[in-house]
Amino acid sequence: MGEGLRRDPIGPNAVHVCLDMQRLLAPGGPWPTPWALDVIPAITELAARAPARTVFTRFLPPEAPDGLTGTWQRFYRKWHDLTRSELDPGLLDLVPELARFVPPAHVVDKSRYSAFSGADLLPLLTHLRADTLILSGAETDVCVLATLFDAVDFGFRVILAGDAVCSSSDTGHDAIMAMLQTRLSIQVEVARTEDILNRWERPAL
């Protein structure tokens, strides 16, 4: 980690996309990511650099298990207590350390893993003239990974802040980090937050 940035700077049209840092996944939540608190300082640094060019996503379960199609119904029959008809709605909020950036930071809601699965993210990125996405958040091997692949498919320069992502599975996290270094090194850059901030030109307004 930290050797994956190309020599060219990160331009002013970069956008920081932070995945699902909600009370839902925080320690003590129903889907806990135990070391989420450890990455909040790095995510905070990225958001503070360009709050108006930061997008926080929220993972929103359906109202009931049949609110989605296919295997999602099986998934939410298992996790029926996390559907919105049963869930404490406050658990869907961003963690307080990051919620303070909104506004001017943006919030995009989604019901599936990738941030691009909803209708709102791509138009927002177009409005922001984004050419580069800096990814952070949870979980490395689920929502972050799904978003990363979609971002690559859309042709964005993709930078993963390796010290600003977390998972409930250490094995899954480590496997994805290793895979990115060996299989996607041309299309995905992995670096530490400090290195990203040092290369990030003054963001566009």
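Predicted model: local features only at pLDDT ≥ 70, side-chain atom pairs only at ≥ 80, totals over all residues.
Trainee: How is the lining of the largest pocket divided among nonpolar, polar and charged residues?

Mentor: The largest pocket holds about 260 Å³ of space, and its lining includes the aromatic side chains of W31, F59, F75, W79 and Y113. D20 and E139 also line this pocket, and both residue types, Asp and Glu, count as charged. The lining as a whole divides into nine nonpolar, one polar and two charged residues.

Trainee: What is the volume of the largest cavity, and which residues line it?

Mentor: The structure holds one cavity of 30 Å³ or more, and the largest cavity has a volume of about 30 Å³. Its lining divides into six nonpolar residues, one polar and one charged. The residues that line this cavity are D20, M21, Q22, L25, A26, A36, V95 and A138.

Trainee: How many disulfides are there?

Mentor: A disulfide requires a pair of cysteine sulfur atoms within 2.5 Å, and by this rule the count comes to zero. For C18, the nearest cysteine sulfur, that of C166, is 8.7 Å away, while for C143 the nearest, again that of C166, is 11 Å away. The count of disulfides is therefore zero.

Conventions: Residues numbered from 1 in each chain as written. Heavy atoms only, no water. 1 Å grid on protein atoms, 1.4 Å probe; cavity = no way out; pocket = protein on both sides within 12 Å on 5 of 7 lines; lining within 4 Å. Points joined across faces, edges and corners; volume = space filled by probe spheres on them.
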